[in-house]
Amino acid sequence: MVSLARKLIAPRNPIPRPISYELGNPEASQPFVPFSRLQETKLLESHLVSLLDHCSSLIQIKQVHARVVRKGLDQCCYVLAKLLRMLTKINVPMDPYPRLVFHQVEYRNPFLWTSLIRGYCIQGPLKEAVRLYNAMRRESISPVSFTLTALLKGCSDELELNLGRQIHCQGIKLGGFCKDLFVHNTLIDVYVKCGWLDRGRKVFDEMSDRDVISWTSLIVAYSKAGDMMAAAELFERLPVKDLVAWTAMVSGFAQNSKPREALEFFHRMQCGGVETDEVTLIGIISACAQLGTAKYANWVRDVAEGYGFGPANHVMVGSALIDMYSKCGNVEEACKVFEKMKEKNVFSYSSMIVGFAMHGCANAALDLFEEMVKTEVKPNKVTFIGVLMACTHVGLVERGRHLFDMMEKHYGVEPSVEHYACMIDLLGRAGQLEEALQLIKAMPMEPNSGVWGALLGACRIHGNPEIAQVAASRLFELEPDSIGNFVLLANTYASAGRWEDVLGVRKLIKQKLLRKDPSRSWIEGKEGMIHEFYAGDTTHPKSKEIKEALEDLVGRLKSHGYEPNLSSVPYDLSEEHKKRILLTHSEKLALAYGLLIIDTGSIIRIMKNLRICEDCHSFMCGASQITGREIIIRDNKRFHHFRNGVCSCGNFW
């Protein structure tokens with residue numbers, strides 16, 4: 001086939017002329033002359049490859065290609081393979097130009113074949129890369145390791161597990177690849193991305209040589225699968241632990257809701273003298289946000305600034321810090337971080353809007369949204385989750401409806417299932433359960449557990465067992481082993497006095513062997529130590545003092561008119577028994593301990609894994625009034641700020 005470039009420029013010098021090269025010594029005046037034509041040709045080839053390496057456009061590559069033809073190197077696989085790789089790099093379609101370059105070569109070596117195969121693996125279609133590989137094998141040309149890694153990378157990107165397995169078999173059948181590090185690393189990537197983690201581990205275990213990529217790929221895979229025990233076991237065996245491996249562990253623990261372990265590994269990382277980067281910092285900031293304690297929040301900010309990642313100049317770190325301070329109950333500090341940021345993007349705006357929303361500062365969240373849309377920053381899906389959440393927490397039904405309707409019309413953000421869940425929550429909390437149910441039926445996508453869970457939670461608040469049955473039946477299909485849905489339905493029946501139905505739900509729970517996640521609360525003590533309490537807990541070293549402080553507080557509250565809300569105990573028990581249960585709720589124990597150890601005038605911050613009950617809510621309101629202390633509680637839905645006998649939620653929660 002006649003070369004495309006030959007049509008444009010006829011070769012004038014089939015045999016290259018000598019090229020002069022100046023040596024690095026500035027005093028050298030004599031040029032270096034190659035000793036033979038072979039050396040001269042090799043130098044020319046290297047020079048042309050170097051020129052190609054610096055090309056950034058198609059025009060530049062064609063100019064070098066013309067020079068390749070003029071110098072009589074249009075059959076040189078070494079140079080043309082580099083040319084094909086550069087065309088792939090700048091996203092030139094494989095057909096027609098690279099394909100013509102390939103077909104003009106009479107004797108193609110494996111590297112030239114691989115360059116074209118790799119181009120199709122990257123750009124697609126993958127089946128054309130496979131067809132080329134088969135053609136290569138029919139010509140009795142054996143692949144090199146780069147051929148297999150290119151094909152395997154294509155399988156990884158396309159999640160083609162079966163094809164990946166076939167290529168794996170090819171490598172074994174052909175031989176010579178059983179010890180190739182790059183092939184095995186790419187195989188691990190294919191298997192773990194396609195969800196066959198055990199097979200990826202088998203490849204790893206059979207490798208005679210491994211590098212940090214081999215180890216880190218599996219560590220990350222185990223982290224994504226939630227198996228941090230296996231990830232940690234691999235990490236401890238890793239001979240040389242670099243930044244990527246440490247980051248995988250820190251981020252893995254944070255993403256799997258194990259913040260203390262994330263902090264432990266980050267501390268070990270620092271003690272080992274390993275430099276950190278933005279990704280590691282975002283992971284450890286996320287862990288601090290989960291713990292929700294002031295000491296770790298301030299500490300991690302100091303660490304970030306110490307490494308030169310202050311929020312003023314690093315928008316991703318700044319956005320993460322906004323989220324962290326918001327989740328630690330300090331929305332004021334989150335605001336300060338936001339205001340100091342020189343650059344603000346959609347993540348920083350959205351983090352601040354969500355922060356305001358979870359603290360019940362609906363007007364601040366909506367005002368910031370209005371400010372945002374006047375800038376060049378466009379809202380995204382998270383932004384609208386934040387503004388809808390803000391409306392939900394204060395009952396702004398009409399404003400929420402308006403924002404939901406305007407999402408796609410004015411801002412081009414298509415409502416997702418999460419936005420529908422926010423709207424169901426908004427309508428449900430406002431008592432408009434029938435409208436919420438009709439909206440679910442009109443959804444353009446299948447409702448998920450978040451949507452039905454929002455409706456079931458609203459039925460619990462408003463005591464509607466009929467609609468609760470509808471929501472619960474769908475949840476039992478979607479999440480058959482989630483005990484929370486059974487508990488919510490049982491509580492809804494209990495609030496309606498339907499004790500036979502309550503017993504029926506509890507019987508189902510026993511039959512399915514489900515266990516309820518125990519209610520727990522934690523509070524930061526002196527020196528940043530975290531003290532955790534479970535309902536009815538008597539294991540704390542100061543349990544006696546806590547009990548006495550709590551009894552004293554209850555006595556003072558009763559003198560101010562406090563009466564336990566017995567409906568918060570969804571069991572058919574005597575009143576006295578219910579009162580004893582309410583007295584030992586985990587957040588009350590945490591509050592009593594906070595009153596013992598936290599200085600007068602300081603805020604008492606309590607974190608809780610479940611939703612705060614009605615009795616504890618009214619208890620905290622009264623406690624804030626008679627003690628003169630501000631109490632902030634983060635439950636699994638939002639923050640409650642108790643000051644002078646009232647809560648920031650306005651009892652709408």
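The model is predicted, so local features need pLDDT of at least 70 and side-chain atom pairs count only at pLDDT 80 or more, while totals for chains, interfaces and linings use all residues. Residues are numbered from 1 along each chain as its sequence is written, and side-chain values use heavy atoms, with hydrogens and water left out.

Let's begin with the total: the structure holds 31 salt bridges (a side-chain nitrogen of Lys or Arg within 4 Å of a carboxyl oxygen of Asp or Glu). One of them joins Glu 139 to Arg 108, with 3.6 Å between the closest N and O atoms. Glu 139 sits in the loop between helix H7 (126-138) and helix H8 (145-158), and Arg 108 in the loop between helix H5 (97-103) and helix H6 (110-123), so the pair ties together parts 31 residues apart in sequence. Helices (H or I, at least four residues) and strands (E, at least two) are DSSP runs, numbered from the N terminus. Arg 108 counts as buried because its relative accessibility is 17%, whereas Glu 139, at 43%, counts as partly exposed. Here buried means under 20% relative accessible area, exposed over 50%, and partly exposed in between (1.4 Å probe, protein chains only).

Now look at Arg 301, which forms a salt bridge with Glu 333, the closest N and O atoms being 2.9 Å apart. This pair links distant parts of the chain, 32 residues apart: Arg 301 is in helix H17 (residues 294-306) and Glu 333 in helix H19 (residues 331-340). Arg 301 is buried, at 9% relative accessible area, and Glu 333 is buried at 19%.
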